[in-house]
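These are my notebook entries on a structure that I went through piece by piece. I wrote down what I looked up and what I found each time.

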Amino acid sequence: MSVSPISSSSVKKGTLLNFSYSASSIMQIAEQKIAEAKTVYDKVVTKSNPTFDNVVAPMAMLANEQFSDLLVISFLGYVSTEKEIRDASNEATKKEDEFFIDTITREDLYKSVNAVYQNKAEMDRLCNEDKRLVNKLLSNFQDNGLCLDKEARESMKQMNKRLSEISVQFKKNVDDDTGRVLFTREELLGLPETFFEDRETETVD
């Protein structure tokens, strides 16, 4: 049974773990969040006079508002007993990662954030927490290649996408593995006796 996405009012009360999402609803939520984020980012870069309020704050608010929903989707990939749900979670995570990599390497977004940073009057009016947010956001762009030339930046972007793809696939391989490893009681020395209660034992040559 599928349920409606977590509401903003629910998120304000704390992150909710919803184990009733269907595979299709997981993908729908991921695509919805990506579309919402793209709308915010595309609007941010149109500002002719970039400031903290019209560039950095909207980006930070977006990340804060979306975090809980995306966390739930990702978490289901680790704990759901249904393979279909885990696969949908992994696919959604892959899409989110790809979108994040594309976003954090957008030159127009970087220029907007950098314009705020370079505006001394704007930075001087900010409190220390807001200044740190600007610096952190700028460093995230720079750490992902925005200070490199175009060719090197594109190479780094593709490597990050490949790394994300491999990471998701590795997790899927672990999830789908049905193998097992046998240990002797001596090798498990230190575990409480309750750990061994009702566990099957097997004798091997």
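**Entry 1: where two helices meet.** I began with the contact between α3 and α7, and I found that F52, V56, M59 and A60 in α3 meet D130, L133, V134, L137 and F141 in α7. I keep in mind throughout that this is a predicted model. I then looked up the geometry of the pair, and the axes of α3 and α7 come within 11 Å and cross at roughly 70 degrees. Angles of 65 to 115 degrees count as roughly perpendicular, and α3 and α7 are therefore roughly perpendicular to each other.

**Entry 2: the largest core.** Which residues touch the most other members of the largest nonpolar core? I noted Y41, V55, V56, M59, V113, V134 and F141, out of the 23 residues in that core. The elements that give two or more residues to this core are α2, α3, α4, α5 and α7, and its largest share, six residues, comes from α3. I picked out M59 and listed its partners, leaving out residues up to four places away in sequence: M59 touches Y41, V44, L109, V113, L137 and F141. I also wrote down that there is a second, separate core of twelve residues, which includes Y21, V72, A88 and A92. As background I recalled that, in soluble globular proteins, nonpolar side chains tend to be buried together.

**Entry 3: helix α5.** I checked the length of α5, which runs over residues 107-118, and its twelve residues reach 16 Å from the first C-alpha to the last, close to the 16 Å expected at 1.5 Å a residue. Next I asked which residues of α5 are buried. I found L109, Y110, S112, V113 and V116 to be buried, and these residues lie on the same side of α5, because they cover an arc of only 160 degrees around the axis. On the other side of α5, K111 and Q118 are exposed. The buried residues of α5 pack against α2 (23-44), α3 (52-79), α4 (83-104), α6 (120-124) and α7 (128-146).

**Entry 4: helix α2.** I made the length check again on α2, whose 22 residues should span 32 Å at 1.5 Å a residue, and this agrees with its end C-alpha atoms, which are 32 Å apart. Among the buried residues of α2 I noted A23, I26, M27, I29, I34, Y41 and V44, and the list also includes S25 and K33. What covers the buried residues of α2 includes α3, α4 and α5.

**Entry 5: from α7 to α8.** What meets what between these two helices? I found that D143, N144, G145 and L146 in α7 meet R153, M156 and N160 in α8. The two helices pack at an angle of about 100 degrees, with their axes 9 Å apart, and α7 and α8 are therefore roughly perpendicular to each other.

I then followed L146, which lies in helix α7. With a relative accessible area of 7%, L146 is buried, since buried means under 20%. L146 and M156 are ten residues apart in sequence, and their C-alpha atoms are 9.9 Å apart in space. Leaving aside neighbours within four places in sequence, I listed I104, T105, R106, E107, Y110, F141 and R153 as the residues in contact with L146.

Entry 6: I looked up T93, which has its place in helix α4. Is T93 buried or exposed? At 17% relative accessibility, T93 counts as buried, and, neighbours within four places in sequence aside, T93 is in contact with S74 and V168.

Q158 has its place in helix α8, and at 40% relative accessibility I put Q158 down as partly exposed. I also compared positions along the chain and in space: Q158 and E98 are 60 residues apart in sequence, while their C-alpha atoms are 9.8 Å apart.

Last, I turned to D198, which lies in the segment after α8 (150-176). D198 has a positive phi of about 65 degrees although it is not a glycine. At 82% relative accessibility, D198 counts as exposed, because the cut-off for exposed is over 50%.

Methods. Residues numbered from 1 in each chain as written. Predicted model: local features only at pLDDT ≥ 70, side-chain atom pairs only at ≥ 80, totals over all residues. Heavy atoms only, no water. Helix = DSSP H or I, 4+ residues; strand = E, 2+ residues; numbered from the N terminus. Expected span 1.5 Å × (residues − 1). Buried < 20%, exposed > 50% of the residue type's maximum accessible area, 1.4 Å probe, protein only. Arc of directions from axis to C-beta. Contact = heavy atoms within 4.5 Å. Core = buried A, V, L, I, M, F, W, Y, C linked by side-chain atoms within 4.5 Å. Axes fitted to C-alpha atoms, helices over the stretch in contact; angles between N-to-C directions. Parallel < 35°, antiparallel > 145°, perpendicular 65-115°, else oblique.
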